[in-house]
Amino acid sequence: MQSKILFITPPFTQLNTAYPASAYLKGFMEKHDVSFSHCDLSIELFTAIFSSDFLGLIFKEAEDLKNYFYPYVSAKKAHYISCVDVVIGFLQKQDIETANTILEAHFLPKGHRLQKVNTNIKWESGDIGIIDKAKHFATLFVEEIGDFIQANVDEFFAFTKYAEQIATSASSFNQLDELLTYQPSLIEDEMMNILEENILKYSPDLVCFTIPFPGNLFSALRCSQFIKQFFPSIKIAFGGGYCNTELRSLEDTRIFQFIDFITLDDGEGPLLKIVNYLEGNIDVDELERTFVLENSKVVYKNKIPNTIFHHKNLPAPNYSGLPFHKYVSFLDVVNPMHRMWTDARWNKLTISHGCYWKQCSFCDVSLDYIGNYQNTTAEDLVDKIEKIIKDTGITGFHFVDEAAPPKMLRALSYKLIERNVNITWWTNIRFEKTFDLELCEIMAKSGCIAVTGGLEVASDRLLTKMKKGVDIAQVTRVTHNFSKNNIMVHAYLMYGFPTQTEQETIDSLEVVRQLFESNCIQSAFWHQFTTTVHSPIGKNPQDFGIEITGPFFEGFAQNDLYHNDPEGAEHRKYTKGLNLALHNYLNASGFDEALQNWFDFTIKPTTHSRDLIEQFLSEIY
C-alpha cells in the first residue's frame, strides 16, 4: 500500500510568505512517487483568528475569564470586529481603494498603538505612499488585537511563534508534558479544527511536522496529541531546525506518547526511509538519522552509510497547493531593509547547502546544516527558479543560505541575465573582499536588492577571536560596494562575546553609528551572545575565557548554554541603550547625539575617531 503524507507547518512562522520545508520535501517525495500534500497551519490559523466571527469569540472568552487588560479594545470590540475582515483583506491584496478607506479619520479604532503612531514618517508620494501608510496603520490595528489576545485569552499567542518561552532551553520535558494535560485554549481548539479538516480531506497515513523554531514545538505537540486521540492509526514524524539543534541527545521517552519518529538533519533521506518502513519494505533498523521508541527506550536508528541525496541532484521545491492568497504583508518598521522580513511575498530557495567558511567560533559548525557544504550549478538554479515562478506566480526570491558563496552569486547573476529571467532577490552573505564593485554591479543588474551579513562585534580583536575572517576596514569597503549599487545592507550585530569589555561595546556602537551615517549599512539588529553546545565555544569554553554553568541536561532539549564571563563586561545592562541608539539610526536620526545619551548610566567615551569609517572609505579611491 502506498503511503500518503500530510506535511504541516505548525503555528506560528513568518506570515507574509511560505516557510520552505514542505515545498522542498514535496518536490523530492513526489519525484520518488510518494503522495504528498502540505498545509501551512500557521497562516490558516492566523487568518481564522483574525476574522470577524472568531474575534467575537475572543471577546466573549475574555469576558468569561473576567480578564480586563486593554479596556479600550474591549470597550470598542464592535468597532474592531467590524474592521478586521477589511484590514486582513487589505494586508493580503494591498489595493489603493481599501487603503484610502483604512486611512479615513474614523475607520479604525484608535487603540494603544494607533494613538502613538509616528506622525513624522515621510511617506512616498502617490499610491505607493498611501498603501504603505495604510499598511502601517493596519499592522498596528492587528497588533492591538494581538496584544489583547495575549493578555486576556492566550498567554502563548504571538504573531510568529506560539508558546516559545516553554520550548526555549527546555532541558526537561516536564513543563511541556504538564501543559499538554491542560484544557486547550480557544485558539488551540481552532487550530485542531483546521487540522481535522485537513486530515479528513487528505486521509494521510503519515503526518509530518516541521519544527523550525522553539515557537513551533508546543503547537505541533498539541496537534499530535489530537491526532493520537482521534486518529490513532496515523503515524507522526517531527523534523526541522529545532530537532536538528536541540534534540540530538534525546533520552526522555515521554514525547513518544505523541509522535512516532524524530528525524535529524536533511529530511529527504530519513523521510523516504520512514515511508519504506511503514510500507513494509524495510526493517526498522534500516532507518536513517531517526529516533524511535523501542522497548520503552529512545533509540537512534542510523544505518551507515546513509543514503546521500546531494544538493545538486535535488529537484526544485514544489510550492503548489499552498494558499498564497492568504499571506499577509505587515509594515511595523518603515525602514526599507528591515521590512523585507515581514512585507511582500518571497519564494525561498537555497543556493548552496551549508557554509563554505564554517569556521566562526560561535556557530554550529559541527552540525550538518553548517558543516556539510554542497554546491550546484547556476544552470540548475535558474531552472529551479523558473519552475518555482511557474508554481507560485511570484518573482521575488529570498536565497536562504547560511552564507551564499561569492563565486556562485557571480555565476547565478550572469546566468539570470543571459537567460533573461527577471527576478528580485536578496540573500545572506559573508562580507568577503571578493564582493568588489564589479561583482556588486552584476548582482544588482540581475535583480539583487539587498544582502544580510554578520558584522557581529565591530572590534578587530574580537572578530579575530571568533574567526570571522573579516575586519572593520573590509566590512566598510564591502558594504560600501553594495550600497553604491543600490543594494541595501542589513548587519547582524552581537554584543556580549566572551571577554568583550565595556570599551569594546561602546567602540562597536560607534562603528555602527558611522556605518549608518556613511550609508554603508541601512539596517541592523543586536543579538546578545549565547553559546551553544554544538559550537567551538560551547565545546571548548576554556579557550575563550568562559565557564559553562548550565543548564543541567534532563533528557530532552540541549542547545543554548549559560555561562560566566569573568573578563567581560556586565553585558545585559547595555541592551536598552544599544537598541535605543539603533532604533534612531534605523530611522536616519541621532547621528549627532553623544553615545552617552543613549544610556541611563555613565559609559566610557569611544576610543575611535569620528572619521574612522571615512578614513577606510578614502582608501578605496
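**Close-up views of a predicted model**

Leu 206 stands opposite Lys 235 in strand S4. The model is predicted, with local features requiring pLDDT of at least 70 and side-chain atom pairs pLDDT 80 or more, while totals for chains, interfaces and linings use all residues. Residues are numbered from 1 along each chain as its sequence is written, and side-chain values use heavy atoms, leaving out hydrogens and water.

View 1. Strand S3 (residues 206-210) pairs with strand S4 (residues 235-239) in the parallel sense over five bridges. Two strands count as paired if DSSP finds at least two bridges between them. Strands (E, at least two residues) and helices (H or I, at least four) are DSSP runs numbered from the N terminus. Helix H11 (residues 217-230) lies across S3 and S4 and runs at about 170 degrees to S4. Angles run from 0 to 180 degrees between N-to-C directions, and axes are lines fitted to C-alpha atoms, for helices over the stretch in contact.

**View 2. The seven-stranded sheet.** The open sheet has the order S2-S1-S3-S4-S5-S6-S7, with mixed pairing. Strand S2 (35-40) and strand S7 (297-301) are at the edges with a single partner strand each, so one side of each has no neighbour in the sheet. From one strand to the next, the twist averages 25 degrees. Helix H1 packs on this sheet, touching strand S1 (4-9), S2 and S3, and its direction makes about 170 degrees with that of S2. Contact here means heavy atoms within 4.5 Å.

**View 3. Strands S5, S6 and S7.** Strand S5 (residues 261-263) and strand S6 (residues 290-294) pair in the antiparallel sense over two bridges, and Ile 262 stands opposite Phe 291 in S6. S6 and S7 also run antiparallel, joined by five bridges; in this pair Glu 294 stands opposite Lys 297 of S7. The hairpin of S6 and S7 has two residues between the strands, and Asn 295 takes a positive phi near 55 degrees there.

**View 4. Helix H1 against helix H13.** H1 (residues 21-31) and H13 (residues 268-278) pack at an angle of about 50 degrees, their axes 11 Å apart. That makes H1 oblique to H13; oblique covers angles other than those under 35 degrees (roughly parallel), over 145 (roughly antiparallel) and 65 to 115 (roughly perpendicular). Leu 25, Phe 28 and Met 29 of H1 make the contact with Glu 268, Leu 271, Leu 272 and Val 275 of H13.

**View 5. An aromatic pair between helices H5 and H7.** Tyr 80 and Phe 141 form a stacked aromatic pair, 5.3 Å centre to centre with 15 degrees between the planes. Tyr 80 lies in helix H5 (residues 77-93) and Phe 141 in helix H7 (residues 126-152), so the pair ties together parts 61 residues apart in sequence. Rings of Phe, Tyr and Trp (its six-membered ring) pair if their centres lie within 6.5 Å; planes under 30 degrees apart are stacked, over 60 edge-to-face and the rest tilted.

**View 6. The six-stranded sheet.** This open sheet has the order S8-S9-S10-S11-S12-S13, with parallel pairing. Strand S8 (347-349) and strand S13 (523-528) are its edge strands, each pairing on one side only. Six bridges join strand S11 (residues 448-456) to strand S12 (residues 488-495), and Thr 452 stands opposite His 490 in S12. Helix H15 (residues 378-392) packs on the sheet, touching S8 and strand S9 (396-399), with its direction at about 155 degrees to that of S8.
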